[in-house]
Amino acid sequence: MIYNGKLFNNNGENYYEKLSNLLDIKKLLIYALIALLLSRINILFYIAPIGIAFTATIMFKNNKVLTVLVGIFSILGYFSIRSNFDSFDLYIIINMILIFLGIFFNIKKKHRLFILLLICLISYIYKYFYVRFSIYPTLFSITIEVGIIYVLYYVFDIFIKSISYFNTNYIFKKEDIICLVITTCLILCGINGFKIFNLDLSNILIVLFVFMMSYINGMSVGVICAVFSGSIMGFIYGNFTEYIAIYSVIATVSSFLSLSSRFTVSVISIVCILILKLSNMSSMDIGSNLFLIEIFIGSVIFAVVPKSYLMKITMYFNEEYKKEFYTNKRLFNTLDMRIQKINEFNDIIKELSDMIVSNVNFKYKILDKKIYIEILAESVCGECSNVNKCWKVNFNKVRTEMLLSLDNFIQGDKSLTEYIDGLCIRKDKFKNELYKISNFYNIQKVYEERIYEAQDMLSYELKNLHNIINQSIKEVKKDIVIKVNYEKSLISKFNKFNIKYFDIICYEESERLKVKIILPYNIFIEYKNDLLDIINIALDREMIIQDEPSKYINSNDEIIVTYVEKYCYNVVSHCLQLSKKDKNGDSYICTNSINDDYLIILSDGIGSGIEAYNKSKFTVDLIYKFVRTSLSLSSCIKEIISIISLKFFRDEAISTIDFARIDLYTGKMNYLKFSSIITYIKRNNEVFILGNERDLNDNSLDDDIRILSSEFDLECGDILVHLTDGLIHFKDLSNKAWLYTFLKRCDVSSPDKLCEEILREFKILNSGSFQDDVSVIVSKVYKN
C-alpha cells in the first residue's frame, strides 16, 4: 500500500526507508571505518573482543548490507594486528559466524543471550581444544571477553542512536554523552600503530580529544574521557598508571580553566605534565620523551583549532549548550511563525497600495455635460412657447450651441453663443440656469481632484507603512547571541557575594555585550554601587549602566537593570533660548538613547508662542519615539514628514527638523535636515558645514522645503552647533555667515560657555532685539 508517498507492506515495514539506508554510502563508510579501528584494539596482548561487540551490535539492527560490511572490515582490522597476538583467527571465525547469522536469520535483541552463549561456546572450543589452555585460564578468559562484549553492546547501541541525532534538536543526556565519549576514545585507540616521524597518531588525537571534552563539558565528562582513554592505552602499551595520570592532569586543568583561553590551558597543562614527569626521573626514557612530544603537538592543535569547529563539537557534546542553542532556535522559529502573520498582513497593505495606485487614473466621474444639457432644456425650454420652433427645426444645432454656452460659463466667460443669444426668448432664465449648473459642475470637479489627491496620498502612506513594517521585521529578527559562559561567571560571582537575583541574561547584540539583571528593588538599592564592580570583574570588561532603572519597577518590586560595554565616546550638550513672546516656539531633545547612541533633535515651530511650541514639541516627540524603535532613520523619515504634514495641513505650518544621531562606539553621526538651516562642526581651527552652503550667503527668507540626510565621522573634541533660523534671520544683519566667522576665531571649548558667547555676539550684532525665537544647542564629543 501507499501512504504519504512512502511504500509499506502489510506488516508496516517502510521499504522506502530501507532503500534509503542501503544507498547511504556515507553512513556505510563511517561504520566500516569504526569497525576497522575498534577491531584493532587488543587488551593485554591476548584478547580483542571490542570488534566482535560492534559487529554484534550492528547485527541486531537487521540491516544485512551494513552487517556484512561491518563484519568484513572488522575481519580486516584483526588481520592488521595478527602479529601482536596468536588467537586473532578466533575473532575472524566469530565475525564470519555473525555475518552468516545476520544474512540468513532475523536476529532480534531478545536473542542477545543466545548470541553470547554461542560466542562462549566457540571461544571455549577454540581455546581449550585448539590452543590447549587449561580449564581455569580458559574460563577466566572467556568470562572477561563476554563481559566486555555485554557491556560494550549497550555502549555501542546508545552511540549508534546518538550519532543519528547529531544534526537534530535532540538534547543528549549524560549517558548519551558518556557513551559517545567512550566509543570515540576506543576508536582513537584503534589508530595505535599508525606513526608519523615515529610519533603515535593515536596519542596525539586522544590528547586533543581529552582537551576538548574537558574544556567543553567540564570535570565529569573530562575525567571519564581521561580515565577510559588512559586505561585502554595502558592496556595496549602496558603502562597503565602513566597514561591515566597524564590524561587526568589534562582533563583537570582544562575543566578548571574552561573560562580561560585555550592557549593558557595548553601551556598550564604542559607545565603540570613536565612537573609530573620530572618527579619520576627513572621513567624518563626515549618512549617517554616521544610521549611528551605527542602531548605537546596535541595541545598545540587544541590551541589553534578554529573557533567555528570547536563550537560545532560543543554543539554535539555539550548538553547545556545544545539545549540553549535549540531553545533559542525554537524561539526564533516561533517568532518566524508569528512574523509570517505580520508579513501576510504587510502583503495585504502592499496589494492595497498597488490597487489604489492602479485606480488613481480612474478618476471620480462627474455627470456628463450632455445630462446637464437635458436638465437645462427641461427647466428653460419646457415651458417656452417657442420650443417647437427651436428644437424641431434644428435639434442638433441647438444642443451643440447650448453645450458651447455651458463650456463658456464653466470656464468663467458668462456669455451665450451668438446663435443662442439671437434665438432664445428667455435669455435671463437661461443664464441663471447656466450659472447654477456651471457652479455645481465646478464644485464636482474640485471634489474629483481632491479624491485623486487623497488616493495618491493614501497609496503613498501605505507604501511607507509597508516599508516600515519590513524594516521592523528585519530588526526584530536580528541575531542575538546568548553568552552562556558569561552568565555562568556572573552567577558564580553573585552567589559568592550572596546577592539575591531573579535572572541574569548575557547576550551580544550588534557585536556588543549586554547584561540584563532582574533583581529585587531593595537589593539593587543596597548594592547599587557594587553591582557594576562585580560585573566588570566577572566579565573582564568595562561595563556601564545603560539607562535609569527605576522606571522598570513592576508590581512585585522587581527591577530590570541593563549594563552595556563602556562607550568609546561621550557627548555633553548645552542649550540656550531667547523668546520673542512668553513661550519659546522651539523644542529640542539632547539625550542618550537605549540604542547606544546620542540623540540631538531640534525643531523650529513656525511662528512663536504656545501654538508654535505645541507643533514643534509634537515633531520632536514623534521623532524620538520612532528612533527608540531601533529602526533605521532612512526607513521612517518619510513617514515622519508625512505625519507632520498631515497634522499641520490645515494650518499650512510644518515644523522644521534638525536631527543628529551619534553612535557612541564608533563616533559616526547620521543627520537629517528638513527645511532647517545648516549645522556647524568646529574641529580645532576648522569649521565644517552640514547642510546647503548657499544658506551662508543667501539672504532671502524663502521657506522652501528641503530634505537632506547624510553621515559625518566625528572625532574627540569636535563641537557641534545646532541652531534655529531666529539666530540668522533678523532685520539689520545682511550676512548669514557671521556665525561661521565667529566660530573660526572663537577659542571657547566648553559647551555652556560657547552657548553664552554665541548669544552675546548675536545680541551685539542685532542691537539687543530679534524678530523670531532663538535656540542654539552646543554639543561636544569627549573620549571615554
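Biologist: Where does Asp773 lie?

Modeller: Asp773 is in the loop between helix 27 (751-765) and strand 19 (774-783). Keep in mind that this is a predicted model.

Biologist: Is Asp773 buried or exposed?

Modeller: Go by the relative accessible area, where buried means under 20%. Asp773 has 0% relative accessibility, so Asp773 counts as buried.

Biologist: Which backbone nitrogen does the side chain of Asp773 reach?

Modeller: That of Gly585, at 2.7 Å. The cut-off for a polar contact is 3.5 Å between N or O atoms.

Biologist: How do I read the sides of a helix?

Modeller: An α-helix has 3.6 residues a turn, so residues three or four places apart point the same way. Then take helix 23 (residues 528-539) as the case. With 12 residues at 1.5 Å a residue, helix 23 should span 16 Å. The end C-alpha atoms of helix 23 are 18 Å apart, which agrees.

Biologist: Which residues of helix 23 are buried?

Modeller: Leu531, Ile534, Ile535, Ala538 and Leu539. These residues cover an arc of only 110° around the axis, so they sit on the same side of helix 23. Asn529 and Ile537 are exposed on the other side of helix 23.

Biologist: Next, rings. How many aromatic pairs does the structure hold?

Modeller: The structure holds 14 aromatic pairs. Check the centre distance, then the angle between planes. Planes under 30 degrees apart count as stacked, and over 60 as edge-to-face. Tyr78 and Tyr91 are 5.2 Å apart centre to centre, with 15° between the planes, so by that rule the pair is stacked. This pair links distant parts of the chain: Tyr78 is in helix 4 (residues 64-80), Tyr91 is in helix 5 (residues 88-104), and they are 13 residues apart. Tyr78 and Tyr91 are both buried.

Biologist: What kind of pair do Tyr215 and Phe302 form?

Modeller: An edge-to-face pair, with 75° between the planes and 5.5 Å centre to centre. Tyr215 is in helix 9 (residues 201-217) and Phe302 is in helix 13 (residues 286-304), so the pair ties together parts that are 87 residues apart in sequence. Tyr215 and Phe302 are buried.

Biologist: Which lysines sit over tyrosine rings?

Modeller: Among them is Lys583, which lies over the face of Tyr613, 4.2 Å from the ring centre. Another case is Lys783. Its charged end sits over the ring of Tyr569, at 4.6 Å from the centre.

Biologist: Last, the cysteines. How many disulfides are there?

Modeller: A disulfide is a covalent bond between the sulfur atoms of two cysteines. Look for sulfur pairs within 2.5 Å. The count here is 0 disulfides. Take Cys189, which is in no disulfide: the nearest cysteine sulfur belongs to Cys185, 6.5 Å away.

Technical notes: Residues numbered from 1 in each chain as written. Predicted model: local features only at pLDDT ≥ 70, side-chain atom pairs only at ≥ 80, totals over all residues. Heavy atoms only, no water. Phe/Tyr/Trp six-rings, centres within 6.5 Å; stacked < 30°, edge-to-face > 60°. Helix = DSSP H or I, 4+ residues; strand = E, 2+ residues; numbered from the N terminus. Buried < 20%, exposed > 50% of the residue type's maximum accessible area, 1.4 Å probe, protein only. Lys NZ or Arg CZ within 6 Å of the ring centre and 35° of its normal. Polar contact = N/O pair within 3.5 Å; in protein donor to acceptor, adjacent residues only side chain to side chain. Expected span 1.5 Å × (residues − 1). Arc of directions from axis to C-beta.
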